[in-house]
Amino acid sequence: MEIFTIFAIMKRRILTSFIALALCGCTKAPSPLYPLPTENQLAWQGLETYAFIHFGLNTFNDMEWGYGDTPASTFNPRSLDCEQWVTTLKKCGMKGVILTAKHHDGFCLWPTKSTDYNISNSPYKNGDGDLVKELSDACRKHGLKFGLYCSPWDRHNERYAFPEYVATYHQQIQELTSNYGSLFEFWFDGANGGNGYYGGANETRSIDPDNYYDYQRAKDTVLAKNPTAMIFGGPYQTVRWVGNEQGFAGATNWCNAPQITSQTPLKINTFGDVNGSEWLPAEVDVSIRPGWFYHENEDDKVKTPDELCEIYYNSVGHNANLLLNFPVNINGKIHPTDSANAVEFYNKISNELSHNVLAGAKVKADNERGHRFRASKVNDNNPETYWATDDDYPYGTISFSMRKPVVMSRVVIQEYVKMGQRVKSFYMEGEKDGKWFKINTLDETTTVGYKRILRFDPVEVDKIVIYFEESRGPLCISNIEAY
Ligand code: FUL
C-alpha cells in the first residue's frame, strides 16, 4: 500500500474518532452514589399506588384489634365478591392489593394447617372458602399485583410468646408464600405483644420483636418463592414504614436510611436520612376511613376525593409509595361511598397531571456532561436517559422556554435513582414578558428522589428555570414535567 493511502486512512480514522468522541461527549456516566436501589426496589417504586384490604373477624366483631376470643364461626360474609374489590381498585388506579391474611386476632383467611382458627371452620362457603386464593385469582385475572399481610402478633394462639408459636407462624408464612402465586410484597406488621386471649389464658405477654420471630428465616422463606417481593417490617425490611398512619411522607424524604430496628426514631421513617447506608424507600399506609377495619358508624367519615388528593401529593409527590386501605364491609364488599370517593380522587389526579406543558419546550442547562447527558434528556419521555452534570459540578440550572405562554401549577421532577439519590435543595423561577418571579411552592424544595411533585398557585410563564443548588454529587435528572 502506498504511503499516501496509509496516511489518508489514518487521517480518516482519527477524524471519525474525534467526531464520535465529541458526539458522545467522551464522558463516562457519573459514579454511583451509594446506597443504590436493587432492580426489585426500583420496580416496586414504579408502582406508586396500590391498595390494602383489611377484612376478617374484626369486621364482624366491629373491632380494630380483636382479642382473639370470638369463635371462627363469627366470620360469615353473605355476598363476598373479590371481583368487585379488584375491579373497583383498578378504577382507582391501584396497581396491586395487599390482603390481611391474618390480623392480630389470629384468624386466618385461608384454610391453614397451622391452626383451627381459620376460614374452614366458618360458615363461609360451608367451610370450603379460601379468601387468599379467591383474591389472588381475581388479581391475576385483572392484572393487579398481589401481596400479603400476616400479623406476627397472635392474640388467639395459646403458645404466643413461647418458642412453639414461632414454628406455627413460620408454617403460616410457608403456606402463604408457596400456594398463591407470586407476591409483590409481604407485610410483617410492627404491632407486637400485649394482652390477649391466648387460648383462654387472658393475660399480657411481651416478646422482643427484633429477636423472637426469627425474621431471617421468615425473610428467606418469603424470598425463596418470591425473589422479587419487597419486605415490610422486621429487621430485613426492603421498604420502610413512613412512621405515621395519616398519609404523608416528609417533603424532605431520602430513600437513604440506616438499618431500621424497633428502636429507630420515627422521624427517620418519615424523612429518611441523607447519611443512611441502606436504600429503604418509604411506604405511606393510610386508610380511606378512620379505622383499618369496616365500622358502620364510619360510613359518613370516608375521606373525600380532595383529602385523598392531598394524601397522594404528600406520598407519591414526596418520593414515597401510597398504600391506601379499603375496609371491606360485613357483606364482603367495598362500600359504595369508599369506591365513589376513590374513583373520583383518581380521576381528579389524572386530570391534574394529564397535559405536560413542557413537552416541546426548548431545554437548556448551564452544564452538561457531554452529548449523552444533555439537558434535553429530562424531556425525552425515556426514563433510562438523564441529564447529568460534570464531576466538579454538584449543582446546575436548567431552563425551559415555551413556544407560547402556558399556565402551570404542578412540576414533577425525577432523579435517575439507579445512580443514587442526590439533590438536597432547589428552587424554581418563572418568567413572563421579561419579568422574573419566584415560584412559591406549597412545601419546601429540598429532596427529589424517584419522584417529587411540587404544587403552587397557577402561574403564566414564557419560561421556567429550576436551580438545583445543592446535591451529593453531579446531578442525574431523568425527567421534568409541568402541568
Ligand atoms: C398496624 C396495625 O396494628 C393496624 O391494625 C393495621 O393493620 C395497620 C396497617 O398496621 O400496625
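Okay, let's start in a loop: Pro35 sits between helix 1, residues 3-24, and helix 2, residues 39-45. The peptide bond joining Tyr34 to Pro35 is cis, with omega at about 0 degrees. I'm pointing that out because most peptide bonds are trans, and most residues other than glycine have a negative phi. Keep in mind that this is a predicted model.

While we're on backbone geometry, there are two asparagines to look at. You'll find Asn202 in the loop that runs between strand 5 (194-196) and strand 6 (203-205), and with 43% relative accessibility it counts as partly exposed. Then there's Asn319, where phi is also positive, near 65 degrees. Asn319 is in the loop between helix 9 (305-315) and strand 12 (320-327). Is Asn319 buried or exposed? Buried, at 3% relative accessibility.

Okay, zooming out. The protein chain has ten helices and 19 strands. Its C-alpha trace spans about 95 × 55 × 40 Å along the principal axes. Of the 483 residues, 57% are buried. If you take contacts between residues at least 6 apart in sequence, 75% of them join residues at least 24 apart. The chain exposes about 20,500 Å², and carbon and sulfur atoms supply 51% of that. On charges, we have 48 positive and 59 negative, and their mean positions are 8 Å apart.

What's the strand order in the open sheet of eight strands? Reading across, 7-4-3-2-1-12-11-8, with parallel pairing. Strand 7 (230-232) and strand 8 (240-241) are the edges; each has a single partner strand, so one side of each has no neighbour in the sheet. Further in, strand 2 (residues 96-102) runs parallel to strand 3 (residues 145-150), and six bridges join them. To get your bearings there, find Thr100 and look across to Tyr149 in strand 3, which stands opposite.

For an antiparallel case, go to strand 16, residues 423-432, and strand 17, residues 435-438, which pair over four bridges. Gly430 has Phe437 of strand 17 as its bridge partner. These two strands make a hairpin with two residues between them, and in that turn Asp433 has a positive phi of about 50 degrees.

Cys108 is buried, with a relative accessible area of 0%. Cys139 isn't in a disulfide either; for that residue the nearest cysteine sulfur is that of Cys82, 8.2 Å away. Cys139 also counts as buried, at 0% relative accessibility.

Last stop, Ser376. This one is in the loop between strand 13 (362-365) and strand 14 (387-388). Ser376 is partly exposed, with 27% relative accessible area. Ala359 is 17 residues away along the chain, and the C-alpha atoms of Ser376 and Ala359 are separated by 11 Å.

That's my tour, thanks.

How values were computed:
Residues numbered from 1 in each chain as written. Predicted model: local features only at pLDDT ≥ 70, side-chain atom pairs only at ≥ 80, totals over all residues. Heavy atoms only, no water. Pairing = 2+ DSSP bridges. Buried < 20%, exposed > 50% of the residue type's maximum accessible area, 1.4 Å probe, protein only. Contact = heavy atoms within 4.5 Å. Areas by Shrake-Rupley, 256 points an atom, 1.4 Å probe, with all protein chains shown as cover. Lys, Arg positive; Asp, Glu negative; His and termini not counted. Charge placed at Lys NZ, Arg CZ, Asp CG, Glu CD. Disulfide = S-S within 2.5 Å.
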